[in-house]
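Thanks for coming, everyone. Let me put the structure up, and then we will walk through it together.

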Amino acid sequence: MVIEPVEEARLIEEAKRNAVAFARLYDEYMPAVYGYVYRRVSIRDAAEDITSSVFEKAMRGVGGLREGASFKGWLYRIAGNCIIDYYRARGRHPEAELEEAVAAPDDDSARPIDELETRMAVMKLLDELPENHREILTLHYLEGLSVEEIAEVIGTRPQACYMRIYRATRAFSEELAKKGITRLDDYVA
Amino acid sequence: MSRKSTAQELVRAAAGGAGPVSPDVSALLEAVAVLKAADGGHVAPDPAFAASLRQRLIEEHPSAVAAPVKAEERSRRRIWPTVAVGATALAAIALAAILFFVVSPAGPTVARLTVQNGAVQVTSQGRTRPVTASTDKKNGDVKAGDTVATFSGSRATLSFLNKDVTRLEAASTMKVDSYDSRDVGLVLKSGKAYCRVVRHGDFTVSCNGVEVTATGTAFGVDSHDGVVDSPVFEGTVKVVWPTGSRSVSQGKQLTLTKKNGRYVPTMKDIDPTADLSWLAFNRDLDKRLKLPLGILGALGATPPNGNLPPGTPPAQQSSSPGSSKPSDSRGRQSSPGPVASSPTATNPQPGPQPTPQPNPTPEPTPGPGPQVTPSVSLSVASAGPPVVVSWSVQNGESVTGVAVLKGAGVMDPSYPGNSVLTTSPATSSYRDKDVESGGTYSYRIALLSDGSVVAYSNRQTVSTPPPQLSLDGKGQGTSVYISWSLSGVVHIDSWAVLRSGNNPSPSFPTDQYATVGYSGPSGSFSDSNASPNRDYYRVAGLYQGRVIVKSNTVLLP
């Protein structure tokens, strides 16, 4: 159930003093936030811990959210910080459990093995990009955040986001070319 | 074309914007298409996790938690005197805090948990873990913000770093709300706690809007049926509630009973015989810690049943020899030796008596013997979906497998028909996600040897909290907007919007006005044809046409 912007603004105001209103925002955004976190850490338990932290911080901080700010972008910003904390606590970037992440959707069994291997290779390329490129590609192309929402996440102006998206896309394109992956003809819609 | 305009063109085209694109952008769009095609999509969260976190957020929302807010205010009040002591002290505190967080990003350990009987559940940062007497050395670290819950038949001790001690009676839940070496803040959510304040400093227990604060004393807090009891065993405490406060001296008990929404205080002498098992349990442990006993010093002898906590299965009580068994260095009694147990025999280990010690020596290992019969004791968390089942096996050398048995309602589930999990003897807990809010489930553990049952545990029956459906709304003229939110885990396939102009409790199906498809635990409905007069609105969650949960009623517009 998508919350209309006017209704969302009302809920954000209500959520400062009403647990049920906050729960509605949670219902709306929790699956996406969890999915994003899981995409970044690839470990289910860690994704649950981080998602819990994100919404605990959001609940405590919603009173300070400035009027007109993107709630979704703000949540993703908290999530990004929690993910950084997670990796910092581990002291390293863990080996992403890419096979689990890629193989998770139910319809994968119907796809040919070589296609899965290519998909894994592509996601591995994304994972090996510098963190700033990886984050912005994930947020924009995979999470579907708008330029304005990404600006909220990374704390910059929307105009600057265009260039960041462009640079990240170009870097990813160059890495694909080095690996000889230019099209996935069989299944690119 | 400038890079800036190329970047804007890329974003527009990638979003499906119409119009021609330059060759540079076209190549980048290929890369974007590859990335999107390769992506596996979102992984959905575990529904039990989603429901559990949602419930916790509602419970811990500032609007729903009065007591912790008070605890925070208390902490703030303490900051300013600390500042006045001098910048050096503040810098030292800040440095210590930084060191703590560098060492442990999740927060430092502030207390050690020792489990005397059964199993205890610790909730830390949204995750729960069972802790038993055999695992508390490994899993017993407790941090500020953690919640400790004992179950029927279990007791536990929290030993804080500053030497203060809190013990939890069976079926109690306590949150460690705040901690520094001179200021301990606890929230008793339910049940009974005994607090032993050793160091000088504020030690406060909040409970249902009541704060009990002590400086160097022994006192209890007991929350039951909307009543808060505060007995004082040694020293003096101050009890504060929203409309009053009272000092309580040694030997007295202040009882606060709610009448018409306000607490009414009653002071009386403590009757030690009314709670002899619990008080003797604490007296014996305090004696080992060489702490002043106050009125507990005049308490009678340890009860013959060995101070077992409420809910201890009868088989365990009957096998208890009282306090005559030798104890190990932690106060736990050593193995009672060979036990001839019936198929329903439970943990033969009697209850008391732990003494929190920083470096406990290992427990003695019972020696195997030809007559030793395995046995198992079971504890079940009743905090709601998921249900956490924990067990402890004694004399399990011959056990090759463990089966978790589950039945709906009150029953004795049996093996193999009611088995939901068969696992190795090394496993000691099971998180049952396949439960609904408002359900009643019975559990038992079967110990297996070569595929045959050699012992059953006691049965534990648990009822999960019922689902809650909260309805809110607003209206103007003939337009009404209502929204609702469900807490808990239940099967619902549609929502029925109920409306009545004269029935303040609209019912299903008589007052059904509209149906809304189920797409999640919350929903909304707009009524543009509301009555010019006021209408009562209510929502019911349905499954296959049957009402599963009903909301409150709102009168709109």
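Start just past the end of helix 2 of chain A. There, A:S42 takes a positive phi of about 60°. Keep in mind that this is a predicted model.

Now step back into the helix itself. Where does helix 2 of chain A kink? Look at A:Y29: the kink there is about 45°.

Next, is helix 2 of chain A mostly covered or mostly open? Mostly covered. Of its 23 residues, 20 are buried.

On to the contact between the chains. Chain A puts in 50 residues, and chain B puts in 48 residues. Several elements of chain A give two or more residues to the side that touches chain B. Among them are helix 3 (44-61), helix 4 (71-90) and helix 9 (158-178). Which helix of chain A gives the most to that side? Our helix 2 does, with twelve residues.

What kinds of residues make up the side of chain A that touches chain B? They divide into 34 nonpolar, seven polar and nine charged.

Last, the partner. Chain B has eight helices and 33 strands. Chain B runs to 557 residues, and 43% of them count as buried. Now take the contacts in chain B between residues at least 6 apart in sequence. Of those, 58% join residues at least 24 apart.

Note on methods
Residues are numbered from 1 along each chain as its sequence is written. Chains are lettered from A and ligands numbered from 1 in the order in which they are written. This is a predicted model: local features need pLDDT of at least 70, side-chain atom pairs count only at pLDDT 80 or more; totals for chains, interfaces and linings use all residues. Two residues are in contact if their C-beta atoms, placed from the backbone, lie within 7 Å. Helices (H or I, at least four residues) and strands (E, at least two) are DSSP runs, numbered from the N terminus. Ala, Val, Leu, Ile, Met, Phe, Trp, Tyr, Cys and Pro count as nonpolar, Asp, Glu, Lys and Arg as charged, and the others, Gly among them, as polar. A residue is buried if 20 or more other C-beta atoms lie within 10 Å of its own, exposed if 12 or fewer, and partly exposed in between; C-beta atoms are placed from the backbone. The bend at a residue is the angle between axes fitted to the seven residues ending there and the seven starting there.
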